[in-house]
Amino acid sequence: MEDDILTTLKILIIGESGVGKSSLLLRFTDDTFDPDQADTAGQERFRTLTPSYYRGAQGVILVYDVTRQETFTKLDNWLNELETYCTRNDLVKMLVGNKIDRENREVERPEGLKFARKHSMLFIESSAKTRDGVQCAFEELVEKIIQTPGLWQSEKHGRGVQLTDEDAGGGTCGGYCSLV
């Protein structure tokens, strides 16, 4: 039965330190939020792991903090690194503007959308704190990967997150999804 096949996908979450990468992942996988969560993978001492981190990825979530312009400005650097180390041309990319629950916004939604369109990326704004857009971001990325022939293959092993129709709850996107 095809329904019994578990597919393992490699999805990267990249971006400047403190943009909420770990918080997004924890909100999606465990539905938890820790306001004191520290990003570790982006720290300089982990840079030697970079090539193996990127190898074989089918999707990437590129995160910036809507309240910190410099995290948006540095997205080009992250895209360059992605092109340098990624082993696939058909990688599915999603841009996520995180921390929309905060009031001191420095990057407006149209800026994010324009950047995403320019680089052929999916786009969504989110808040790991309030859950807005988090589930939708991961589900849309996975759906696009599955719709891309040759980008994924079935595995009979591996630990992963299983997405089902029951998880969707009808309209999880709630107006935050803006697919490019």
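Biologist: In which loop does Ala57 lie?

Modeller: This is a predicted model, in which local features need pLDDT of at least 70 and side-chain atom pairs count only at pLDDT 80 or more, while totals for chains, interfaces and linings use all residues. Residues are numbered from 1 along each chain as its sequence is written, and side-chain values use heavy atoms, with hydrogens and water left out. Helices (H or I, at least four residues) and strands (E, at least two) are DSSP runs that are numbered from the N terminus. With those terms, the place of Ala57 is the loop between helix H2 (50-54) and strand S2 (59-65).

Biologist: Is Ala57 buried or exposed?

Modeller: A residue is called buried under 20% relative accessible area, exposed over 50% and partly exposed in between, with a 1.4 Å probe and protein chains only. Ala57 has a relative accessibility of 0%, so this residue counts as buried.

Biologist: Which residues does Ala57 touch, and how far away in space is Cys86, C-alpha to C-alpha?

Modeller: Contact means heavy atoms within 4.5 Å, and residues up to four places away in sequence are not counted here. On that basis Ala57 touches Lys10, Leu12, Cys86, Arg88 and Leu91. Although Ala57 and Cys86 are 29 residues apart in sequence, their C-alpha atoms are separated in space by 7.1 Å.

Biologist: Which strand is joined to S2 by 7 bridges?

Modeller: Two strands pair if DSSP finds at least two bridges between them. In the pair that contains S2, the two strands run parallel, and Val60 has Lys93 as its bridge partner. The strand joined to S2 by these 7 bridges is S3.

Biologist: S3 also pairs with S4, so what is the handedness of the crossover between them?

Modeller: Strand S3 (residues 92-98) and S4 run parallel and are joined by 4 bridges; Leu95 has Phe123 as its bridge partner, and Met94 stands opposite Leu122.

Biologist: Which residues cover the two faces of strand S4?

Modeller: In S3, 6 of the 7 residues are buried, and that strand is mostly covered. Strand S4 (residues 122-125) is covered on both faces, by buried residues that are Leu122 and Ile124 on one side and, on the other, Phe123 and Glu125.

Biologist: How far apart are the end C-alpha atoms of helix H6?

Modeller: The expected span of a helix is 1.5 Å times one less than its number of residues. Helix H6 (residues 134-146) has 13 residues, so it should span 18 Å, and the model agrees with this, the end C-alpha atoms being apart by 19 Å.

Biologist: Is Lys144 in helix H6 buried, partly exposed or exposed?

Modeller: Several residues of H6 are buried, including Val134, Phe138, Leu141 and Ile145. Lys144 lies in H6 and, leaving aside neighbours within four places in sequence, is in contact with Val92 and Leu122. The relative accessible area of Lys144 is 37%, so this residue is partly exposed.

Biologist: Which elements do the buried residues of H1 pack against?

Modeller: In helix H1 (residues 21-30), the buried residues are Lys21, Ser23, Leu24, Arg27 and Phe28. After H1 comes Asp31, whose phi is positive, near 55°. The elements that the buried residues of H1 pack against are strand S1 (11-14), S2, S3 and H6.

Biologist: What kind of aromatic pair do Tyr64 and Phe72 form?

Modeller: Rings of Phe, Tyr and Trp (its six-membered ring) pair if their centres lie within 6.5 Å, and planes under 30 degrees apart count as stacked, over 60 as edge-to-face and the rest as tilted. The structure holds 5 aromatic pairs, and in the pair of Tyr64 and Phe72 the centres are 4.9 Å apart, with 65° between the planes, which makes the pair edge-to-face.
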